[in-house]
Amino acid sequence: MKLLKSCSLFLAGVTAVAGLTACGNLTGNKANNTGKTEDGKTSILMYQIGQPPKNIDKLMENANKIIGEKLDAKLNIQYIDWGDYEEKMSIITSSGENYDIAFANNYVLNAGKGAYADLTDLYKKEGKALYEALDPAYIKGNTINGKIYAVPVQGNVASQQMLSFNMNLVKKHNLDISNVKTYKDLEPLLKVIKEKEPEVTPIAWTKFSLPHMNFALPGKSDLPLVVNLDGDPTKIVNPYEVEGYVEHLKTFHDFYKKGYIAADVATSDVSYDLATQNWFVREETQGPADFGDSLLSTVAGYEIKSVPITTAYKTNDTTQVANFVISQTSKNKEKAMEVLTLLNTNKELLNGLVFGPEGENWEKDPKDDNRIKLLDGYAADTRMSAWNTGNSQILYVTDKVTDADVAQAEKILAEAVEAATLGFNFNIDPVKTEVTSVQNIIKQYAPGINSGTVDPEQGIKELMDKLNSEGSYAKVKEEMQKQYDAFLANKK
């Protein structure tokens with residue numbers, strides 16, 4: 001779900017993270033990565049993205065008791081601000097700094113450059129228990145040239161786009177959302193909200209928003225090239241030339257003209273926080289690990305109900321949401337792999353970090369060893385985020401999750417299929433200059449078209465005329481198709 005990490009499939013340009021605040025500079029244990037602690041344990045330095053919990057010292061004290069006993073090691077986590085992470089990790093990587101583990105930054109690119117350690121053999125020994133616990137899709141989605149460089153956080157291995165409704169407003173105006181299957185079905189509901197709730201934005205649409213279909217993204221997010229999973233899964237296509245997508249864009253332009261979308265959507269930085277009830281419907285990404293709307297509703301503090309508008313697929317996007325890597329410079333690669341494996345297989349360790357201190361944030365259900373009740377102390381800044389910490393399959397189920405939610409999650413996971421593109425990572429090196437040219441064109445035209453502010457019939461024509469006026473676009477598309485053809489041929 002977008003609350004955890006926004007994964008817009010393409011052309012969004014900039015990743016939007018809802019429900020997560022910007023962070024400070026490097027924090028946590030400030031000790032240098034000397035390799036050993038004062039009591040002789042192996043010190044493992046990890047760089048993590050985000051803001052540290054206010055009780056980070058307590059969380060790590062408890063965690064390191066387990067890590068120390070099991071592995072004779074100590075984990076030192078240093079956090080880097082969301083806005084600074086890419087730049088600072090690029091500097092750390094290029095300088096050859098000695099660190100052990102990091103939240104992956106530009107995974108495919110940096111793995112290809114040799115910044116990350118090859119974990120293929122480590123998965124056979126130190127990471128064996130972790131490897132066996134992973135959905136095979138994670139290995140396929142993170143394998144590059146026959147090698148795997150990532151320890152993925154097992155979460156929403158499959159995801160789908162949802163339209164999520166503020167149920168307080170749905171009930172207040174006696175609205176029926178059961179027949180909503182597409183964006184166009186929203187129109188009569190948005191009309192009611194527009195007329196009766198002048199302080200509410202009918203649809204929470206931002207400058208980074210865009211309609212979704214069952215598209216798989218085989219390349220960079222700001223390239224207008226996708227595989228239409230509802231069409232020919234062997235062909236690279238331009239979404240702006242897919243009839244269904246164009247119809248969605250027309251619908252949003254109509255919404256914009258009718259005032260259902262904020263007039264300043266193309267320039268505003270508003271993000272529509274879940275806890276603020278200034279919206280009626282929004283789009284969210286959800287997967288089985290979210291247990292339906294239980295997580296959304298828990299964070300929002302009121303009931304939210306969602307309906308799907310795409311199918312759940314296992315794609316590169318879903319398998320690369322949260323990857324941890326071991327640095328090529330690490331002097332403790334085997335021990336680092338042991339730490340990552342323990343983090344993803346030891347229930348006591350992971351739950352203590354994700355839910356916070358037992359007795360303060362939560363307590364066990366005496367009738368069910370796998371269920372817990374959340375207490376008043378449970379808050380975002382007293383625990384670590386689940387999506388980028390460890391394996392969701394060993395997390396406790398909270399009292400906010402119903403048996404029906406669990407059953408639905410299991411159903412989604414069982415029915416989710418691997419996209420044809422799973423494991424295909426486009427190598428831009430042969431057309432690097434051309435890719436930059438195409439990106440610049442998309443940056444100019446896509447925001448207006450996607451946000452609904454520009455008439456798509458006019459905007460798409462201008463975009464395509466510009467793309468076709470020079471050779472860069474055709475070269476990138478041809479190269480991507482060539483690589484994709486080779487990938488598909490090797491799968492057979």
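Modeller: Two strands pair if DSSP finds at least two bridges between them. Strands (E, at least two residues) and helices (H or I, at least four) are DSSP runs, numbered from the N terminus. What you see is a predicted model, in which local features need pLDDT of at least 70 and side-chain atom pairs count only at pLDDT 80 or more, while totals for chains, interfaces and linings use all residues. Residues are numbered from 1 along each chain as its sequence is written, and side-chain values use heavy atoms, with hydrogens and water left out.

Start with strand S15, residues 323–326. Strand S4 (residues 101–103) runs antiparallel to S15 and is joined to it by three bridges, with Ile 101 opposite Ile 326. Strand S7 (residues 151–152) also pairs with S15 in the antiparallel sense, over two bridges, and here Val 151 stands opposite Phe 324. Within S15, Asn 323 and Val 325 point one way, Phe 324 and Ile 326 point the other way, and all are buried. Buried means under 20% relative accessible area, exposed means over 50%, and partly exposed is in between (1.4 Å probe, protein chains only).

In the loop between S4 and helix H3 (107–112) you will find Asn 106. Asn 106 has a positive phi of about 50° although it is not a glycine. Most residues other than glycine have a negative phi. Asn 106 counts as partly exposed because its relative accessibility is 38%.

Now move to strand S8, residues 160–166. Seven of its seven residues are buried, so S8 is largely enclosed by the rest of the structure. Gln 160, Met 162, Ser 164 and Asn 166 point one way from S8, while Gln 161, Leu 163 and Phe 165 point the other way. S8 pairs with strand S12 (residues 279–286) in the antiparallel sense over six bridges, and five bridges join S8 to S13, also running antiparallel. Leu 163 is a handy landmark: its bridge partner in S12 is Glu 283, and in S13 Leu 163 stands opposite Val 307.

Leaving aside neighbours within four places in sequence, Val 307 is in contact (heavy atoms within 4.5 Å) with Gln 161, Met 162, Leu 163, Phe 165, Ile 177 and Val 180. Ala 336 is 29 residues from Val 307 along the chain, and their C-alpha atoms are separated by 41 Å.

Another loop residue is Asn 174, found between helix H6 (167–172) and helix H7 (187–196). Phi of Asn 174 is near 55°, a positive value in a residue other than glycine. Asn 174 counts as exposed because its relative accessibility is 71%.

Domain 1 covers 35–156 + 320–351, and domain 2 covers 160–214 + 238–314. Four residues from domain 1 and six residues from domain 2 take part in the contact. The C-alpha centres of the two domains lie 35 Å apart.

Terms used:
Domain bounds come from an automatic or database domain assignment.
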